[in-house]
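Q: Got a structure to go through with me. Can we start with how the helices pack?

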Amino acid sequence: INATCRQIAEWRDVLPPDSCVGLNLSSVQFANRDLVASVASAIELYGINPHQLELEVTESTLITNVEHTRQVLRQLRELGVRTAIDDFGTGHSSLAQLRDIPFNELKIDQGFVHRAWQDDTLRAIYDASLAMGKQLGMDIVAEGVEDRNDWDLLRQTGCDMAQGNFISEPLLPADLPIWQQTWHQRILDESLVSEQ
């Protein structure tokens, strides 16, 4: 958590104000009783906007201790930290848990995104996940966007954000400013954003 908050501080002049940096939490990290205090301490130490930190937990983490999960996520939200449910569709969370646990963001697992444009079963799961997340007031991220066809499906269906190799392979922190310039030019050159 400290390293992520330090990186956000170092990117202060590069990150758009409404963007955030995500950090995956393991079930062990999430079970740590000092998690919320550690997050609050790191935010204060590096002087970052808490909305620029997003903590991601997988569905499987939710079912281990629902009450603890609910309490921790509410405390994180009170700090102003964003929270996301990662790899959605691969675990066993119930709709009631999604209703009761305060997530900002739902990340649709890559297994339901890549090739959903040509596979009716994947498309049905993708569409249902997208619609449910929207109805629950969450921002939606589609993982596993590997090609232009995947990207076009997201644009056509109104998905909020995308993640995958079509956008960028994993980067070192120092490479972010260069990627931003390249991506903006690519959008112009390839018309990746449809005209409204």
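A: H7 passes H8 in a right-handed crossing. Right-handed means the near helix is turned clockwise from the far one by less than a right angle, and left-handed means anticlockwise. Helices here are DSSP runs of H or I with at least four residues, strands are runs of E with at least two, and both are numbered from the N terminus.

Q: Before we go on, where does the model come from?
A: This is a predicted model, where local features need pLDDT of at least 70, side-chain atom pairs count only at pLDDT 80 or more, and totals for chains, interfaces and linings use all residues. Residues are numbered from 1 along each chain as its sequence is written, and side-chain values use heavy atoms, with hydrogens and water left out.

Q: OK. What is the angle between H7 and H8, and how far apart are their axes?
A: About 40 degrees, with the axes 12 Å apart. H7 is therefore oblique to H8. Angles under 35 degrees count as roughly parallel, over 145 as roughly antiparallel, 65 to 115 as roughly perpendicular, and the rest as oblique. The axes are lines fitted to C-alpha atoms, for helices over the stretch in contact, and angles run from 0 to 180 degrees between N-to-C directions.

Q: Which residues in H7 and H8 meet?
A: From H7, Arg123, Tyr126, Asp127 and Leu130. From H8, Leu153, Leu154 and Thr157. The contact residues divide into four nonpolar, one polar and two charged. Nonpolar covers Ala, Val, Leu, Ile, Met, Phe, Trp, Tyr, Cys and Pro; charged covers Asp, Glu, Lys and Arg; the others, Gly among them, are polar.

Q: What is Ser129 in contact with?
A: Phe88, Leu106 and Ile108, leaving aside neighbours within four places in sequence. Contact means heavy atoms within 4.5 Å.

Q: Now H3 and H5. At what angle do they cross?
A: Roughly 15 degrees, and their axes come within 10 Å. That is why H3 and H5 are roughly parallel to each other. The crossing of H3 past H5 is right-handed.

Q: And which residues in H3 and H5 meet?
A: Leu35, Val36, Val39 and Ala40 in H3 meet Val72, Gln75, Leu76 and Leu79 in H5. By type, that contact has seven nonpolar residues, one polar and no charged.

Q: Which H5 residues are buried?
A: Thr69, Arg70, Val72, Leu73 and Leu76.

Q: How far does H5 reach, and what follows H5?
A: H5 has 14 residues and reaches 20 Å from first C-alpha to last, close to the 20 Å expected at 1.5 Å a residue. The expected span is 1.5 Å times one less than the number of residues. Gly80 follows H5, with a positive phi near 100 degrees.

Q: Which residues have a positive phi without being glycine?
A: Asp87 is one of them, at about 55 degrees. Arg115 is another, near 75 degrees. Asp87 is in strand S3, residues 82-88. Arg115 is in the loop between strand S4 and H7.

Q: Accessibility of Asp87 and Arg115?
A: Asp87 counts as partly exposed at 24% relative accessibility. Arg115 counts as partly exposed at 41%.

Note on methods. Buried means under 20% relative accessible area, exposed over 50%, partly exposed in between (1.4 Å probe, protein chains only).
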